Amino acid sequence: MLLDWLQEQPGDSWQQRWLTSGADAAGREWSQVSGSWLRGRGQYTRWRQGELGIGLRMAVSADIIRPSLRWLVAAKGSKSALAMSMAQTRDAGGFAYLRALCTESAVTGTVMARTLGRAGLIVAAKGGAVRDITAGDVLELLDTETGVHATSAGDTAVFYRLLRQAGSFDPAAPETLRALRTTGQRTPEEMIGRYHLTCRPVRDLLVDYLRERQPAVDYITLESLARSLGRDFWQDLERHHPGICALQLPPEVASSWKQRQRTKPETMTNADTGEKTTVAVPRLNYRECLTRVRAFYLDIAQWAAEDPERWGSWVARSPVSPAEINQRKAARHRKSRMDARTRERLPVLPVLVQSVSQRRKAADDLLHAARATPPGQAFSAAGQTLTRSVTPHAVSGKVWADDPVTGQRRDLTLEEDHAFWSWAIVEILRAAGIRIEELLEITHYSLVQYRLPTTGELVPLLQIAPSKTDTERLLVVSPDMADVLSAIISRLRSHGRGGAVPLVPAYDSQERTWLPPAPVLFQRCFGSENRRISTGAVRDILDAALAATGLTAADGSPLRCTPHDFRRIFITDAIMSGLPPHIAQIIAGHRDINVTLGYKAVYPDEAIQAHLAFLARRRALRPGEEYRTPTDAEWNEFLGHFERRKIATGTCGRAFGTPCIHEHSCLRCSMHWPDPAQRPRIAEIRDNLTARIAEAEREGWLGEIEGLKISLAGADDK
């Protein structure tokens, strides 16, 4: 019946007849085309139409007809049936191997069926076997699915990974689908080409300028330069002054352009009526664009002296004067805003820390209680009573629970994952004061240790990879930070294969390049693929954590905190607690101490300048012998301080040359770092203190009770 229908269509082959019939272009409605033919012969019935579809599937499996990918994706019917038919008639070995890979990867039956179905669609449309599928075929299929269904169904990363494991792709193909889809670095021509400039000579000039600057700057700086010159400068001029094609701008043109750069449109919503209006608000960073435009004019003038034939015809007076790019006043305003922001967030940091810690513990208790409860039964944990959901078709490893109060179904696995990473991100940012890119580049290899040559004590260190200043540095890992890093590593090892931290490739959004796989610590499982947490995800996690606290800003809006706010809070708190600014500079990784002092809030600038001047005068007046090399006795005394830090229950962290402020009542002292191995001893001291307090209360020794309670509080804390 199928062949009779196609034989009546014009064409020299079955494929040509299929295309000229109009069925391929009809997509899901192809049955109307074949049904019209059946009605013309007086043979139309529903079962005949169904049989015609089966015949078409067999013709596709026999490679008599190759429908387009769009038709295959849009057509009704099971894709698994087509894949099974293809496996029986075309490439039994290839589909069997792909099925074995699905079983080995422990994917669910739904994912396996979807993977085999997609492979069947590509083979049906392109011909050949499974091993002939290319990475481009996968992209074409997924883009077609998005065009037909407005989205591509899940497990696309699994589909790509399994085909790569099956050896279908070229060895140079990216390891993951994300790497294949990600846009790499653009050339200067592509950067400027995005803005569709009308004046070709100026467009070529901007491309040449970027190409000249490219060796001296990093990629993100080059892209920002292209955006300022191509979009904010010349595209804006062409939009408001059509036909312009010279760098020598009339004063009124230059003035109007600078005025437009000062403001930007912003949509405001009326809280009472909900009406939206667009208003012009000041642009905070407009001087950056002016600075780049002025540098562009000055560079061309300088290069024209060296190569007049190439650059001489473009020399023109800069439309931006030196006074217009003076950042002194703007820097003071920015410092004031940042100081006010830090002063607002520093006092509420303990509230955020306590909130994320409690949320982590509550989510963990709920998840453990749910896993120990059979489906359909109720359980209680963290002050909540839920019912374990009955989910026969749920993804493996997911734990769901129904809330009887709200009636909502909750993904406890996802809640625990979000709560854990909220706690980890907040703790590391506040304890180390590192940048967000430095946080996400911490790997298992970043944890190193140093052994003191005199005492043999191991000092844990965290190696921060070069980021903004292209210099690496080492941070001492405090006990609190060590606890967080240990929890992260233990979590990743429990989820990884062979008890190791999984290796994941990371995408550098600044340089638009993929880094080689590494055991990064801040990684999460997305479906069946481990990925590094992105900067956007970190900001979303912080926003959710702050929203859970209910904290508000001075204007009543919900309080927000960026990752860089933790860096300012860390430096401010450290200097206010007595850390010398030059040590804070080293810890923060700043090249200039003035940058560190700029991060420090609520510290008078006059006091800083007066103090630095005082130090300079004192150093000039002091005798030179005070800057001599220390003697062996003085050096031994200095080393002896660190050798005497070891005490029975841990380590004393007081600075060299300072006396003990608690008369060796170590458990009361905040400088005492307890040794985890001495926990039983500290517990024994705590129990003894409890007994002594009970005895003092019984005997009426009121003067001793107060001191014993202070010691007991210190023991409980340690």
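**Entry 1: the hairpin of E10 and E11**

I began with the hairpin of E10 and E11, which has four residues between its strands and in which arginine 512 takes a positive phi near 55 degrees; strands here are DSSP runs of E with at least two residues, helices are runs of H or I with at least four, and both are numbered from the N terminus. The model is a predicted one, in which local features need pLDDT of at least 70 and side-chain atom pairs count only at pLDDT 80 or more, while totals for chains, interfaces and linings use all residues. I number residues from 1 along each chain as its sequence is written, and side-chain values use heavy atoms, with hydrogens and water left out.

I noted that arginine 512 sits in the loop between E10 and E11 and that its positive phi belongs to a residue other than glycine. Its relative accessibility of 22% makes arginine 512 partly exposed, where buried means under 20% relative accessible area, exposed over 50% and partly exposed in between, with a 1.4 Å probe and protein chains only.

For the strands themselves, I recorded that E10 (residues 504–508) pairs with E11 (residues 513–518) in the antiparallel sense over four bridges, pairing being called when DSSP finds at least two bridges between two strands. Valine 504 has alanine 518 of E11 as its bridge partner. Is E10 mostly covered or open? Five of its five residues are buried, with Val504, Ala506 and Asp508 on one side and Pro505 and Tyr507 on the other. In a regular strand the side chains alternate between the two faces of the sheet.

**Entry 2**

I then looked up an open sheet of three strands, in the order E14-E15-E16 and with antiparallel pairing. Its edge strands are E14 (646–647) and E16 (672–674), each of which pairs on one side only. E14 is joined to E15 (residues 650–652) by two bridges, and isoleucine 647 has glycine 650 as its bridge partner in E15.

**Entry 3: helix H10 and its surroundings**

H10 (residues 135–149) has 15 residues and reaches 21 Å from its first C-alpha to its last, close to the expected 21 Å, the expected span being 1.5 Å times one less than the number of residues. Its buried residues are Ala135, Asp137, Val138, Leu141, Leu142, Thr144 and Glu145. An α-helix has 3.6 residues a turn, so residues three or four places apart point the same way. The cover over the buried residues of H10 includes H6 (69–74), H9 (109–126), H11 (156–165) and H12 (177–181). Just after H10, alanine 150 takes a positive phi of about 70 degrees.

In H11 I picked out threonine 156, which is buried at a relative accessible area of 18%. Leaving aside neighbours within four places in sequence, threonine 156 is in contact with Arg118, Leu142 and Leu177, contact meaning heavy atoms within 4.5 Å.

**Entry 4: cores and a cavity**

I took a nonpolar core to be a set of buried Ala, Val, Leu, Ile, Met, Phe, Trp, Tyr and Cys residues joined through side-chain atoms within 4.5 Å. The largest has 51 residues, and those with the most contacts inside it are Trp5, Trp18, Leu56, Phe95, Ile133, Val138 and Leu163. H9 gives the largest share of this core, nine residues. Apart from it lies another core, of 45 residues, among them Val353, Leu475, Met481 and Leu492.

Beyond its neighbours within four places in sequence, tryptophan 5 is in contact with Trp18, Ser21, Ala23, Trp30, Val33, Ser34 and Trp37.

Which residues line the largest cavity? I listed Arg345, Val348, Leu349, Leu352, Leu546, Leu551, Leu559, Cys561 and Ile569; a cavity is a set of points on a 1 Å grid over the protein atoms alone where a 1.4 Å probe fits but cannot get out, and lining residues have an atom within 4 Å of a point. The space in the largest cavity is about 40 Å³, with grid points joined across faces, edges and corners and the volume taken as the space filled by probe spheres set on the points.

**Entry 5: two loop residues**

Histidine 196 lies in the loop between H13 (188–193) and H14 (200–213). Although it is not a glycine, histidine 196 has a positive phi of about 50 degrees, and at 67% relative accessibility it counts as exposed.

Arginine 41 lies in the loop between H4 (30–40) and H5 (46–61) and is partly exposed, at a relative accessible area of 37%. Its C-alpha atom is separated by 47 Å from that of valine 158, 117 residues apart along the chain.

Terms used: 1 Å grid on protein atoms, 1.4 Å probe; cavity = no way out; pocket = protein on both sides within 12 Å on 5 of 7 lines; lining within 4 Å.
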